[in-house]
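Welcome, and please get your viewer ready.

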Amino acid sequence: VLFTVGDYLAERLSQIGIRHHFIVPGDYNLVLLDKLEAHPALTEIGCTNELNCSLAAEGYARACGVGVCVVTYSVGAFSALNGIGSAYAENLPVILVSGAPNTNDMDQHLLHHTLGDHDFSYQFEMAKRVTCCAVAIRRAAQAPELIDRAIRTALLKRKPAYIEVPTNLSREACARPGPASAIAEPNLSDGPALDSAVIAASEFLCAKQKQVILVGPKVRRAGAQKALLRLAEAIGCAVVLQPAAKGSFPEDHPQFAGIFWGQVSTLAADTIVNWADVLICIGTVFTDYSTVGWTALPNVPQLVADIDSVTLAHPNIYFSRVQLHDFLSRLAEAASWNSSTMTEYTRLRPDPSLGHASRGQEKLTRKEVARQTQLLLTPETTVFTDTGDSWFNGIQLCLPRGAEFEIEMQWGHIGWTIPASFGYALAKPERRTIVMVGDGAFQMTAQEVSQMVRYRIPIIILLLNNRGYTIEVEIHDGLYNRIQNWDYALLVQAFSSKEEGGRALGLEAHTAEEISGALERAMAHKDGPTLIECNIHPDDCSRELITWGHFVAAANSRVSAKD
Ligand code: TPP
């Protein structure tokens, strides 16, 4: 049988570890979808719309290291670009594959699903801005080179890539691909740069007395958690995490000193950071959000270890092509023991407390939901937290060793948790996925619960219904922060069909007793998702959200700088 462009793409995707590809069909990609489907290692996962499709692929990439989303031209791809933006911001290699018009029509005719003029380059131009590599195949013979270039660049840079495949080319003859190692090569450090970075860094650290390690979200993207642990144990200093890095260092470790998030830090992490005379910043990202409206930008000297570079404050040197994993492992061998910040932190460390349990009939509170969620966590749990007070509720949880935590703090698309947890759970079905999401966020992407039903994915969705966009109320209030209330429990049950798929369980909780009963039922329900609508008072939000919102609002409303 003829080996085609579509087969080439399918084979390459399977070689890099893709087992599920997320799709929405359209006439420009149907033949391509047939080819992908025909590959024995690939399972097609249909999504309800392209926004959800791209975010599902983003969540899949979190679990599996890479994700793929296949959509149709313009009407599909424009929506998918949002999830590709997320993948870019969050450093995840997601391959966006879009069907495109027949090559005979390119720049010749007016076509459906286009802007209605003769220039068909616009989608490719748009994709270039939100990917690390965009390719548009125009002849079958180019396909191997272009597909390989896009996939290889995405994997090397941990950023999304774009591949445009005209509808008629998917079935045209194509060479077969060579070994996978050519497109999935490891990132290697430059030897001399690595050696000098390690020497300079250990000399720099030797001259400091009070060292603190600050861990950022890029550690996980670089797969450097184990090397981080080795370095932390070699130095013996306090280790604090940025909020988006939660889960990258074990929270039961004696050196774990909380989440550093300025005034909304946990476990007094900010106090130990302020006491330090040097910060070892590993994969950190400082934004207005992570620095609480720029109020928590550390001003002590820093050693900055990024995904593939190291920068020192004194002497001021930049080392490029130093891979994070290599650098941390080597620094662990070279660095000397200095546990002064741990001695200090032991005196500072507050007692973690879950707070008091509410009594059975008492009205449900945010705290009680968090307290009961905490009791469910095991080493097999993955928690997804959505933008909103769910961030703060999630950050407060104490993760047992092995538990994972997913957050999309850089892109911050509300509703991200629903499709992303779906994609993630397909890749890691052995884990128990729990989603914490607000009512406003849920309304953005609720349709994807339907796919959890279809594929019988037992995700537990804790929907905190505080009747509106509370996080925005804290930043800047107006009537626009009120939303239509839904019967959420009823809604998700409507996604079940009598003929096929699993079943969604929709439950409501108004009291402490009701939520504990609901959680018990959720844990037992295996044939699809469970949504628990947790009804809380509109004013019941975390102290951290109010504090953070105040400073972010102040940063947003700074007057323009004069020239
Ligand atoms: N649109 C998108 C796609 N993403 C966004 N982050 C926003 C708009 C702006 N936004 C940020 S938080 C938020 C909105 C609209 C409200 C979230 O409300 P909800 O999910 O109910 O959580 P709560 O703040 O009530 O905990």
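Start by selecting Glu 90 and Arg 62: their side chains meet in a salt bridge, 3.3 Å from N to O. This pair ties together distant parts of the chain, 28 residues apart. Glu 90 sits in the loop between helix 4 (77–89) and strand 4 (94–100), while Arg 62 belongs to helix 3 (residues 50–64). Keep in mind that you are looking at a predicted model.

Is Glu 90 buried or exposed? Glu 90 has a relative accessible area of 8%, so it counts as buried. Arg 62 is buried as well, at 10% relative accessibility.

Next, select Arg 330 and Asp 195, whose side chains form a salt bridge at 3.0 Å, N to O. Here the partners lie 135 residues apart: Arg 330 is in helix 11 (residues 324–334) and Asp 195 in helix 7 (residues 191–206). Arg 330 is partly exposed at 29%, and Asp 195 is partly exposed at 35%.

Arg 401 is partly exposed, with 44% relative accessibility, and so is Asp 252, with 47%.

Finally, select Glu 58, Arg 62, Glu 90, Arg 220 and Glu 406 together: salt bridges with shared partners join them into one network. In total, the model has 20 salt bridges.

Note on methods. Residues numbered from 1 in each chain as written. Predicted model: local features only at pLDDT ≥ 70, side-chain atom pairs only at ≥ 80, totals over all residues. Heavy atoms only, no water. Salt bridge = Lys/Arg side-chain N within 4 Å of Asp/Glu carboxyl O. Helix = DSSP H or I, 4+ residues; strand = E, 2+ residues; numbered from the N terminus. Buried < 20%, exposed > 50% of the residue type's maximum accessible area, 1.4 Å probe, protein only.
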